Structure formats: structure tokens, C-alpha cells
Amino acid sequence: MKLFVSEGNPHCLKVLAALEVTGVHCDVQYVNHEERVVPFLSRPALPALLLPGGLHLFSPNAICRYLFEVSGQDATCIKYSTIVSSLHSLQQNPLTEAVSVADVVLWAALYPVLSDPSLALGERTSVKAWFDRGAVMHSCQSAAQKVLQGKGLQGMKIFMQRQPAPQSSQCRGTQPCNSNPAELKRLPHLSPLKPHICLFPISLPQEGKRNLLVTSALPYVNNVPHLGNIIGCVLSADAFSRYGRLRGWNILFVCGTDEYGTATENKAREEGLTPQQICDKYHVIHSDIYKWFQIDFDFFGRTTTEKQTEIAQNIFWRIHKHGFLLEDTVEQLRCENCKRFLADRFVEGICPNCSYPEARGDQCDKCGRLINAVELREPQCKVCRQTPVVRSSKHLFLDLPKLEAQLEQWLDKSTSTGDWTANAKQITRSWLRDGLKPRCITRDLRWGTPVPHPDFKDKVFYVWFDAPIGYLSITANYTDQWEKWWKNPNQVELYNFMAKDNVPFHSVVFPCSLLGAQDNYTLVSHLIATEYLNYEDTKFSKSRGVGVFGDMAKDTGIPSDVWRFYLLYVRPEGQDSAFSWADMALKNNSELLNNLGNFINRGGMFVTKFFEGIVPVMELQQEDKTLLALVGWELQQYIQLMDKVKIRDALRHILNISRHGNQYIQVNEPWKKIKGGDTERQRAGTVTGVSVNVACLLSVMLLPYMPAVSQTIRDQLNAPPSCVNTMLQGTGTFVCCLSAGHRIGTVSPLFQKLEVDQIEALKKRFGGQQPAAVPAAAAAMASVNGVDPEKAKQLTQAVTEQGEKVRALKTQKAEKAAITAEVAKLLDLKKQLALAEGKSPEPAPQKGKKK
Amino acid sequence: MALRELSSLERYLGLKKPNKYSTQGDNKVPVLQNTNGPPVVGLVTVACHLVKEAKRLELLGDSAESRAVVQQWLEYRVTKLDGCTKEDNKTILKDLNLYLQDKVYMAGNQFTLADTFMFYGIHPLIADLAIQEKEQYGNVTRWFDHIQHYPGIRHPLPPVVVLRNKIYTSKHH
């Protein structure tokens, strides 16, 4: 018998509690939410119980009843239980009877609702009393811990987001908290907790608050994201969103996979699946990677939904109605061999602008100019290398020139009032300077949003028209009230995070689509673009195996928070930056371990060792006040910078604070003073107390960067949860959260050292097959046979030099003995060289040896 | 609909006196007024209650496992099957088809209440299927045909034809 459960899944509460209450002997296995344990169910159903007879139970209620019955307890519960009667009567009924399956099932089902401290139960005090009695039961507590892992209701968030969108008109069964009390008596009917009981109120813009809609550029589903993609888009957006929530802003952070396009079609053909299946498969890969990096999306969706088609076609028709579309016959490259019109990325040729030989059909990688595939010189079909022919096809164009005036007017306002990054403004300006031309928004493909216009019914929308609309449709899949975010420019500020190559589409093409649709759409207020992240001194390349890709980061054994820290530390803000293993190790060891970790750990350790785990009394002297002022100033700088999305610079201030802290401790030597007289001990106490409070502040400032570490620090210091929300309000105030007498928890080191050999090994693993360096396999083999290319190089040099020497001696007709000696050295060197090159060390016949 | 199912069940169980039912709520949840206790509410609960009254406990399963399985499918009927959308139909039929691959009845080898109520619940779905679709979900169709021929179960629902009309005898195929 085996019970399958998943973390964060509220349905698992009742089965785990039942298991504990009944004491039935059963294996428990934790699996992912998507795991399909029950073989005949199409959708994953957890929890599930594999019965001894081989059948599966997928109904949590049935599982509970079975457990109770098997343990010999009554599972029928037709009769009243006292609990139930008190649910609708106001009389206090003591829990006289033993816990029945009814109690367990009801308690667990109601747990997500009743455990919320903000829920006002009002008159239903007996309900609360009954619930609390269940809550203190060990079995229930243990179940709650296993399911929620101490995260409270937030632990259920991921599970809830994966539930299918609720049917609006369905009202099957009874909802526990709203149902008629009489219905509640018949416990077997309690349907499992329906996802559309809103535990996480859908974020909507609120009056009087700053409402931020944060998007990250939608990653293309087919590509596994690498570190550069991650820092450029989702990680930057995540750091900023987390910060914004701490500031009390009302934030909605959405993203998703961009799934339409030929690449998916081709991949599908390769793998023998449908495009939809490919997208399903890769969407999960993306989702898992971002989950590992702790990216806290409010919703991570997809572009292949009905809403996408609906909204895209709506915008299309509006643009059409307002006369911003042009029709034209376009010449396109068609590969007669592959029998299809070639998508831009499947044509390669010579750039008409800069003569770069590997220019792609839509954009030249070298000069960045947007081109039309037919303009390429010597085009080739990337798949079969045949020369494609030019064929005509009717297409629709977005009349950008007609919208130029409106666009410029809006751009002037937005770029001047908003926090656009310098590169974004620059790129946009140069686009406008070059002059806007009509852009084709349709393509002759099959996997895409269909064009609803009857004359173009076999065509789909071009990805750069269609994909940004994904932001809207993903939001629409999150809430029906998406228009409150997207058609609300007065209340909502839109932040777009992306890498610089996406800028023109977000600052010109997409806003033009929205302006042309004339539907009061929210346009981007702050466009945050990063430069490129390089890998060591080259570019990331999946095909050549160069660089770290999302799913590999996990395998390195380096924690997610450390990755986050380093990527944000080297975030390419003003210019390209590079990921370097050596540098990551250095930053980890120097900044995280020796600076940050050291300071935080010391404060806590002193409290534990010298003050029995209780924060001592603090009497602030001038010196302490100076430190507090300094810390306060750094905090204000941090806030000012983060408000402007200067994520990398803000991080420096965190490190400054811990540096000041370390110095402060160093100067005051509390470990010595604690052994001294009263005044000295008082000093030690103050310094220690101030240090842990600074540590507490640091934990809050660190939250956007390293959420897990941030929480760990607070757990170790047993800090009150309220401190998270207070210190970053307004211009920032450093508050004393851990006052004298506060008991802290168990302190332990936060970070581990990254050793040199570990880093070297990782660098080699991700170095790929580069012609310049020796391939890893060959190098491994070399060390076994004594073949050593480095040495070979040196020896070649030595041989040449020695050879010169011998020749010189012979020319000079020097002493025979001397010549012989030098020749012997030369022969020896040659032998070593041969070994180092892996050749046979047979001496080559020497010319003139016998003379 | 629920009331008709219950009266059909009563007849099947051979209960002498038909009960008086009322409904409550928008969903018309059946309520049985009990003379010696509080009212019994809900289709499945009433059904179980009737079975116990008629002392036919084997209809609820004859072992702990089968009892749990029966309850599971009864719950499934009320929560997933009732009020499902057209999109869900396909999934439901597919899942059931897989499930019934190696089973004669919903709970394995015994006829139980699960068969009765799943039959009633799925009847409208099956009735709407074309012959080819019925063949596609072969196991469901087999089970369905089996149950609908069970004495006393099908009525008042119309019979659903599951076999193709054989114009020619098997010799000519």
C-alpha cells in the first residue's frame, strides 16, 4: 500500500492527517504535482493511494474513509458527530467522542480557509473552537507541516496556479464554508476543496496605491534558457517585483512561454509529436527552471490559449477598422525542395547592409538591422541548403508611418517621465531616426494565431505582432478582469523587462499596435533593458555545449540563492558583462562568505554564546549612533536605487552595510569585552544587540536577491514577520525589531565556500568543444598517457633553441666534446617532445651525425 | 433527474413504500425526510441510506478496499460527472475506458451502487456518441451495455443502441 502526495497540495492535508490519526502502516511518497500516479486518469490526481489489491484511490475522501475502516474505526458516519452539530448551533459542545473520519476530512478541507488569521468568523465561535482543537492535534499539525513545509498558505500557491481555470457557472457539490449547515452533516458529500475558493485574492489595481504591472519578455518555449536569458528577463523582473511588494506597492508579475512559430513546428516534426505536445513538454521545463530559481510569478502562462486568439484578433480588427492596415503583395522566399514558404529564421545569406555572411532572414546578427529575407544576397534554405525561389503572396502590413505622430507624442511623455534604461531610449531613438516603414504582420505558416480576415484565412500572425499580445492573454488567463490592468493607463504603471534586442518591438511596434487599436490600452511606462551576458570570454551556445543552461545550474550543487546573487551582481546594466566561474567563486567566498555571512553569523553566535540566546540590553553610545546613521544612509541609497531599478548598484549597499558591521564588531571586540567588568560587558551587549538588528535589516534588504537565505536569517533570529514590511516603507527606516529580551533561534552558517578544484571542474564541464582550448576528453586522455600539450609547446620551443645552439656551435667549429654535449641535450629534448606529443620517441636520423 | 434515479433505485431494491423526497438549493439536491432522525441530504447519501435500509450492504462493496472504491466513484459521479462540460466529456470517457480495461464492474468483479450511479450519470454522454465513437471507447461501451441490461436498472432511461446494425450476417463480412 502506498500513498502518493505532493507538497503544497491542500488535498493532501486530510489524507496525511488521517494516516496519522489512524496509525495505519503505509508508505508515503512525495512526488511533483504533475506526476500521473493513477494510470487511467489523464490529468494528474494527487493525493492517490495504491491499494494492496492493485487498485488506485484518487478521491481524498475515499482514501480517508478507507484508512479509518482499515484501522478498525467507524467510517460510515451517518449519525451525527458532536462537531457537526456545533457547526451550525451556537452552543459549545465539548469534543467528547474520539476523532472520527468526519473530523479529519472536514478539518483538513476547511484548513486553508480557517487557518487564515484575517478571516472574520464573527458569531461562529464554535467553529473556530472546533477548528482550533483539531489544529493542536499532533496528527493535524504534522500533516500541515508536511504539506506546507512551514510556508503557511503561500505553500499552496504553486499547486493552485496549476489548477484548471474554474468553470464560472459550475457549482457542483457543496463548498465547505458557504454551504448550508444541513448539507455539512452529510460529510461524504464534501467535495474536495475547489480551487476557486479564492485563497490568493487575484491582484487588481487599487485606489490609492501604486499599481505596477511587471512583465518579463516571454521566453521562447523551444529553447532552454541560459543564464543570460535568465538575468536579462525573469530574474531582474523577479528581484524588482519582490522589492516592490516589500515597498507595499500592488504588483502583478506575469510571464509565460512564447509558443507559436516555425521553430516549434520543426521541432515537432523532428520529435514526431504535435506542436502542442512539444509546447506542453517544454513549457514544463521552463516552468521548473524558473521555480528552481525561485522566480515568484503571480502567473506563468502560455501564448497558445483561446484568450490569445480572442484578444489578438480583436486588436487586429480594431486596427483594421481604424484604417491602420495596408495590403500588399509580398515576395517571399519559397523553398521548392521543402515545399514551403521559408520563415525568416530559416533563410541565411549575406547581409545587404554589412555583408555579414550569416545574416538571418529577419535580422542581421552583426549590424542588427531588420531586413526582409528577399533582400539577402545568395540566400540559402537553412534546412536543405537549396536556393529558394521568390514567390508572391498577399500580406497585411501595420502602417507604422501613419501612427508615427501618435507614437512620438506618447514616447516623449513616457521616456521623460518613466525609468527607461539609457540603452532602451537610445535604441528607440535610432529606430525612429531611420524612419518607420510599414511592417508585415502576417505569415504563411500553420502554427500560429489565425488571421480572421477572409482574404488571409490561411495565414497566421507574425510572431512580433502576436507575441507581445501574449502579455495580455496570459493576464486574461489569470483573471477575467484583466482589462483593469491592461486598459487602465491612469492607474497602472507598466514595467517591461527584457534584453536589448527586444527593445524596438516593445517600444515601437507593439505600442503602435495598441495605439492603432484605440482601446485605451496601458502602454509601457518603464522599459528596462539589459545588455548581453557573455559566458567567460565567449557567447553562450547550446549547440557547442558552451555555457550554463537553466536546467544545469541545479546540477552544480551550488544553491539557487548563490546563483541569483552572482547573476544580479554582474547584471549587464550599462554594458555587456561576463559570467565567470572564477569570479563567481571569488564573489561567493569574499562577499557572501567572508563579508555578509560572516557578519550575520557573528552577531547571532555572540547572542547564543555570551547571552544565552537572548538579545541583550543596548545602551547606545555615540559610536553606535554613528553606525546606525551610516546604516540608515546606506538603506536610503538602496531604496532610491531599487526604485529606479538599479538592481546591481543597490546590491552594493547591502554589502556596504555588512562591511561596516564587520568593522564595527572588529573594533569593539565583544568577545574580549564580555570577559571584562560591568561596563565592558554592557558594551559587548550593546554591540551584539545592534549587530543582530542590523542582520535583521539585511535579511529584509536581501529578500529580492536571495529569498531563501533571507527567510533563513529571519528564522535563525526568530524575527517577527512584521519586520519584513516595515523597514522599506517611505524613504526607509532602520527599526529595532529585535529588542532586549527577544529570544533568537539556532544560528548556523549561511554560506559554503566554493573550492578552487570544484570551480575548475565546473568550468571544464561547461566549456564546450572549442578549437582553441583542448577538448576535455583529449585532455583527460593526455594526462593518462603522459601526453601534455602544454609541455609539448614548451619543449618545441626548447628544441628549436637548442637546435639553434647546436647549429651555431657546428658553424663555429667548436670543441667536439662541447658539440656532442649540446647534441645530446638536443636529442633528449626531442625525445621529451615526442612523448609530450604522443609520438614514438625514436630519435629521427640526424643529418651529418656521422661526419 | 436525481429523484428519478432514487425512485428507480427504490424499485430495484424492492423497497415496499416509496419515500417522499424534496429538493433544496439551486442544484436540486434531493432531501429525504426521515421519520426517526434528521433529514438525509444528497443523492449519494440518500442512495447509501436506502441500500442500508434494504439490507443490501453488498451493493456498497464487500471489503474495505471495494467499499472505498465504490465511495470514490459515487463521489466522482456527483463531483466530476454531473454538470461537466463538453470538453470534459472526452477526458472522462478516455479515463473510464482505460480504467474499465480489466474490470467487469466499476468496483472490480461485483455489481455495486457505483455501477448504478455511474450508469445514470454517463447515460447522456453515451447516448450522444456516434457509433464510431462508441467503438473508440470500447470498454466503456461494453460496461454500459452490460449495466443497461441489468434487470431493474435502466428504467426509466431509454436504451442506447451500441451495436452496429448488421445488414449482412457474419458470413458475408
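**Exercise 1.** Is the crossing of H1(A) and H4(A) left-handed or right-handed?

*Solution.* Keep in mind that this is a predicted model. Start with the two helices: H1 covers residues 11–22 of chain A and H4 covers residues 101–114 of chain A. Their axes come within 8 Å and cross at roughly 145°. The crossing turns out to be right-handed.

Next, look at who does the touching. H1(A) brings Leu13(A), Lys14(A), Ala17(A), Ala18(A) and Val21(A), while H4(A) answers with Val104(A), Val105(A), Ala108(A), Ala109(A) and Tyr111(A). Sort them by class and you get nine nonpolar, no polar and one charged.

**Exercise 2.** Work out how many residues each chain puts into the contact between chain A and chain B, and how much area is buried.

*Solution.* Count the residues: 32 come from chain A and 35 from chain B. Then take the area: the two chains bury about 3000 Å² between them, with 56% of it on carbon and sulfur atoms.

**Exercise 3.** Find the salt bridge between chain A and chain B, then describe the side of chain A that touches chain B.

*Solution.* The count is one salt bridge. Its partners are Arg67(B) and Glu69(A), at 2.6 Å from N to O, which sits inside the 4 Å cut-off.

Now for chain A's side. Strand S4 (56–57) and helix H2 (60–70) each supply at least two residues, and H2(A) gives the largest share, six residues. By class, that side of chain A has 16 nonpolar, ten polar and six charged residues.

Key
Residues numbered from 1 in each chain as written. Chains lettered and ligands numbered in written order. Predicted model: local features only at pLDDT ≥ 70, side-chain atom pairs only at ≥ 80, totals over all residues. Heavy atoms only, no water. Contact = heavy atoms within 4.5 Å. Buried area = accessible area lost by both parts, 1.4 Å probe. Salt bridge = Lys/Arg side-chain N within 4 Å of Asp/Glu carboxyl O. Helix = DSSP H or I, 4+ residues; strand = E, 2+ residues; numbered from the N terminus. Nonpolar A, V, L, I, M, F, W, Y, C, P; charged D, E, K, R; others polar. Axes fitted to C-alpha atoms, helices over the stretch in contact; angles between N-to-C directions. Left-handed = near helix turned anticlockwise from the far one by under 90°.
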